[in-house]
Amino acid sequence: MSAPRSFQEIILRLQDYWARQGCAILQPYDMEVGAGTFHPATTLRALGPRPWAAAYVQPSRRPTDGRYGDNPNRLQHYYQYQVLIKPSPPDLQELYLGSLGAIGIDMALHDIRFVEDDWESPTLGAWGLGWEVWCDGMEISQFTYFQQVGGHDCHPVSGELTYGLERLAMYVLGVDHVMDMPFNDPAAPIALSYGDVFRQAEREYSRWNFHVADTGMLLRHFEDAEAECRRILEQPQTDPATGRRIVMAHPAYDQCIKASHIFNLLDARGVISPTERQAYIARVRALARACADAFLATEAGQGAGEG
Amino acid sequence: MPELLIELLSEEIPARMQPRAADDLGRLMTEGLAAEGLTHGPVRAFVTPRRLALVVEGLAPRSPDRVEERRGPRTDAPEAAIAGFLRATGVAREALEVRPDRRGEVFYAVLRRPGRPAAEIVAEVLERVIRGFPWPKAMRWGEGSLRWVRPLRRILCLIADGGAAQVVPLTIDGIAAGDLTEGHRFMAPEPIRVTGPADYRERLAAAHVLLDPAERAARIEAGTRAAAAARGLVPVEDRALLTEVAGLVEWPVVLAGTIPPDFLELPPEVLRTSMREHQKFFSLMNPSTGRIEGFVTIANRETADGGAAILAGNARVLAARLTDARFFWENDLRTVREKGLEGMARALDGVTFHARLGSQGDRIRRIEALARRIAPQVGAPTDLAAEAARVAKADLASQMVYEFPELQGIMGRYYARAAGLPEAVAEACAEHYRPLGAEDAPPTAPVSVAVALADKIDMLTGFWSIGEKPTGSGDPFALRRAALGVIRILLEGGHRLALAPLFGQVARDLLAFFHDRLKVHLRGQGIRHDVIDACLASPGNDDLVLLVARVRALQDFLSTEDGANLLAGWRRAASIVAAEERKDGVEYSFDPDPAFAEEPAERALFATLSEAQGRIDAALAAEDFAAAMAAMAALRAPIDAFFDQVLVNAENPVVRRNRLCLLHRVRSVMGRVADFARIEGS
């Protein structure tokens with residue numbers, strides 16, 4: 001496979017590769033999340049017995065990682081590529097290695113390693129076992145077999161792959177500073193670098209995240225999202241308007257995602273003490289569990305025969 | 001003789017779990033085969049990142065026939081009892097044997113259990129071992145229910161006899177055992193058919209898999225040394241890293257590189273830690289300067305370009321990591337130069353140490369107060385110890401220690417020097433965490449000793465005061481280690497210190513914990529726990545140096561002939577007094593009167609006791625325990641003579657009472673040295 005020449009070509013090749021492996025190519029979730037795992041296509045679909053195969057790009061936000069666009073590899077907004085297949089196929093490692101070949105990593109010249117890294121998300125009440133994948137000593141992906149999500153044992157088990165796209169692309173393209181990375185084809189009439197696209201926004205968000213965000217408002221929004229999530233889940237399962245049984249796991253989960261992101265913003269503003277931190281994480285986890293319970297009560301969350 | 005070969009091929013096994021897993025496989029299979037009576041020769045287990053393997057030599061082809069006899073009911077027993085016996089043994093009535101008994105005849109069932117073929121037994125035992133394997137953390141995958149450390153992909157299990165190999169019939173969770181393995185994931189991924197252990201190892205080696213972890217480690221070590229020598233450097237010894245890296249590769253290839261000059265001014269500990277923790281690199285040191293100037297990375301494959309691309313990739317990651325490290329180092333130095341180390345420590349006021357024990361800042365103030373009290377007792381200038389206590393934890397607020405927690409203390413020393421603090425203070429920053437383990441020496445410099453003791457004692461008294469003591473199952477705050485640290489600092493440095501006043505409110509309970517830890521610690525040096533118990537009742541038991549001196553003198557004394565006999569005499573005296581006291585319902589604890597002494601042996605004991613008591617008291621006051629023991633030894637002959645020649649229970653009640661009181665006095669005089677009732681044995 002020839003070497004890709006831009007950030008977007010790497011994304012396109014991953015999309016193409018996983019589409020050829022039979023995954024549904026989804027679009028990013030339209031909410032602020034900290035990682036691709038938060039997309040309901042992963043968190044909720046890892047639950048229950050129904051088979052699933054999806055791949056998508058997810059823009060992700062980590063307010064504390066903002067560096068005003070100066071740091072060569074730290075960003076408060078970045079992209080993850082996420083693959084989730086349930087049940088995990090027996091050749092998932094080989095499929096994954098195939099994707100590296102697709103983006104131009106020559107396995108005959110490079111040293112690919114699977115190094116123990118157990119994944120745990122305290123906010124999602126989820127954990128799994130797997131590895132971080134190293135290419136020549138550089139971590140390029142996370143590879144996880146989900147064991148539990150939202151406090152529920154996963155059965156069947158999903159295999160999850162997460163690629164940190166900027167870091168992976170910088171490696172493949174041989175770029176040392178993320179802002180210097182070609183975003184589109186460098187030979188295009190209007191060639192854009194990653195910096196052309198994102199430097200301005202990184203600067204602005206870094207200032208807002210660290211110093212300007214209204215913490216009083218954020219605290220209120222956190223409470224609001226938490227209350228709304230609870231309220232949604234307390235509704236009777238039968239919808240009085242249509243007379244149909246409609247469990248609202250997804251709208252409730254949106255509020256859970258919202259609470260989680262607001263917590264991250266508050267954390268970046270430095271207004272959460274270490275002790276409070278644990279308490280906030282526990283509150284988000286309680287929401288995630290409640291949403292997982294609700295999803296398992298939906299048609300999509302149940303076996304084909306039960307739905 | 002046939003040989004058994006097992007290989008469990010899986011996705012990558014965490015390096016830290018590999019050595020234990022190989023041991024467990026060997027042990028569990030051996031135990032399982034033994035339980036079935038299948039004999040065998042030597043057993044060897046191997047492990048690589050993708051496989052657990054076992055070779056059993058000299059496997060018996062079958063387990064031996066066994067005959068088992070069970071005694072049943074008497075022949076005249078009720079029918080129901082006999083029927084029950086037949087059911088339990090599965091033997092037909094006419095096959096029962098009748099044997100005479102003392103009072104009649106009894107049924108016997110003779111069970112002949114024919115031996116079974118090895119393959120059948122191996123299949124059963126292996127299935128049990130796989131299903132119950134004690135991985136520290138196991139998982140499920142796909143739709144299966146089997147648990148393994150990572151997905152299990154193949155089972156190879158065969159019994160090889162001469163040229164012939166027989167696959168052991170076994171299927172677990174859809175995986176059928178066979179005679180196939182795979183080579184290196186990238187260099188030789190095709191299936192390989194094997195016929196026996198020797199063939200297996202050779203074919204794997206040809207397929208770029210070194211089966212034996214020791215062989216991989218040896219190759220890594222030799223290669224690293226050679227690569228270092230070629231650059232005029234020496235590798236920094238790191239056994240733990242060597243074991244780990246040997247568990248990350250099946251085909252180790254040594255690649256060496258140079259640290260870019262921009263990073264050479266970083267402290268060597270930072271370079272080492274960054275390379276080791278993030279990248280599993282070995283550090284190469286310039287032996288004349290002590291600087292880290294090179295690195296070795298171990299790749300898992302050979303490449304057409306001789307590893308050039310792999311090395312370049314690793315070097316780029318290293319440069320990014322070290323750029324981060326240099327950024328932290330420079331930021332920290334700027335903070336220290338602008339605000340001083342105490343200024344850096346101020347940030348710790350906002351960091352919770354424990355929800356119920358306040359902030360790190362609160363803890364530092366408590367440590368300072370303790371260090372001030374301890375300093376004069378360990379020969380440290382009080383002000384210097386207090387200053388050291390105020391800054392010893394400052395580096396916990398540094399960016400470098402945030403990134404590399406294991407550099408705590410070491411960075412503090414660099415930053416204290418950069419802040420221009422006295423060398424004793426800088427040393428205390430690093431040394432106050434010591435001893436770091438059984439192999440590590442405790443600090444010896446007085447200021448370091450004061451802060452180290454204060455730090456550990458504050459941990460212990462703090463957690464004790466909120467009821468967070470270690471339990472049998474857990475010690476999340478490493479309080480046992482803290483107590484052992486205090487014990488070792490005091491004993492190895494010979495520091496005389498009364499602990500109880502420093503322990504405050506929790507002194508009683510915490511001191512008991514210390515005495516328990518002391519027993520565990522001294523057990524390794526051959527000191528008996530009962531001898532320690534015997535000395536705990538004496539005054540000054542919170543001064544561990546004094547306590548141990550007393551214990552050692554007593555144990556030495558008890559191992560002499562005088563000591564052993566005197567102990568016997570003490571026991572005789574104590575048991576007679578106790579028995580008579582019980583019988584008479586009184587205490588014979590008055591002062592005996594020499595005027596009532598009738599026998600020469602009795603008078604001699606009186607005389608020796610008075611003299612010994614004086615000498616013992618003087619020796620104890622001078623803390624000369626050897627002299628106290630010698631003074632006690634003088635009692636042995638008179639006591640022996642007393643028991644030989646004097647009848648304690650004399651007819652004259654006055655004489656009898658006086659003799660019992662005399663024996664009581666023997667007990668109380670000896671009791672000034674130790675509580676002999678605690679000494680175990682006869």
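What radius of gyration does chain B have, against that of a compact globule of 682 residues? Chain B has 36 Å, while a compact globule of 682 residues would have a value near 26 Å. The radius is taken over C-alpha atoms, and the globule rule is 2.2 Å times the number of residues to the power 0.38.

## Model and numbering

This is a predicted model, in which local features need pLDDT of at least 70 and side-chain atom pairs count only at pLDDT 80 or more, whereas totals for chains, interfaces and linings use all residues. Residues are numbered from 1 along each chain as its sequence is written, and chains are lettered from A and ligands numbered from 1 in the order in which they are written.

## Chain B overall

The C-alpha trace of chain B spans about 105 × 100 × 45 Å along its principal axes. Chain B holds 24 helices and 18 strands; these are DSSP runs numbered from the N terminus, helices being H or I with at least four residues and strands E with at least two.

Of the 682 residues in chain B, 41% are buried, meaning that 20 or more other C-beta atoms, placed from the backbone, lie within 10 Å of the residue's own. Among contacts in chain B between residues at least 6 apart in sequence, 66% join residues at least 24 apart. Two residues are in contact if their C-beta atoms, placed from the backbone, lie within 7 Å.

## Contact with chain A

Chain B gives 30 residues to the contact and chain A gives 28. On the chain B side, strand S16 (292–299) and helix H8 (308–346) are the elements that give two or more residues. The largest share, six residues, comes from H8(B).

By class, this side of chain B has 14 nonpolar, eight polar and eight charged residues. Nonpolar covers Ala, Val, Leu, Ile, Met, Phe, Trp, Tyr, Cys and Pro; charged covers Asp, Glu, Lys and Arg; the others, Gly among them, are polar.

## Two helix pairs in chain B

Helices H21 (residues 600–621) and H22 (residues 625–633) of chain B pack at an angle of about 170°, their axes 8 Å apart. H21(B) is therefore roughly antiparallel to H22(B), a term for angles over 145 degrees. Axes are lines fitted to C-alpha atoms, for helices over the stretch in contact, and angles run from 0 to 180 degrees between N-to-C directions. Residues of H21(B) in the contact include B:Ala612 and B:Ile616, and those of H22(B) include B:Ala628 and B:Met632. The contact has eight nonpolar, no polar and one charged residues.

The axes of H15 (residues 479–493) and H17 (residues 507–523) of chain B come within 10 Å and cross at roughly 75°. H15(B) and H17(B) are therefore roughly perpendicular, the term for 65 to 115 degrees. Among the residues in contact are B:Arg480 of H15(B) and B:Arg517 of H17(B). The contact divides into six nonpolar, one polar and two charged residues.

How values were computed. Buried ≥ 20, exposed ≤ 12 C-beta atoms within 10 Å, placed from the backbone. Parallel < 35°, antiparallel > 145°, perpendicular 65-115°, else oblique.
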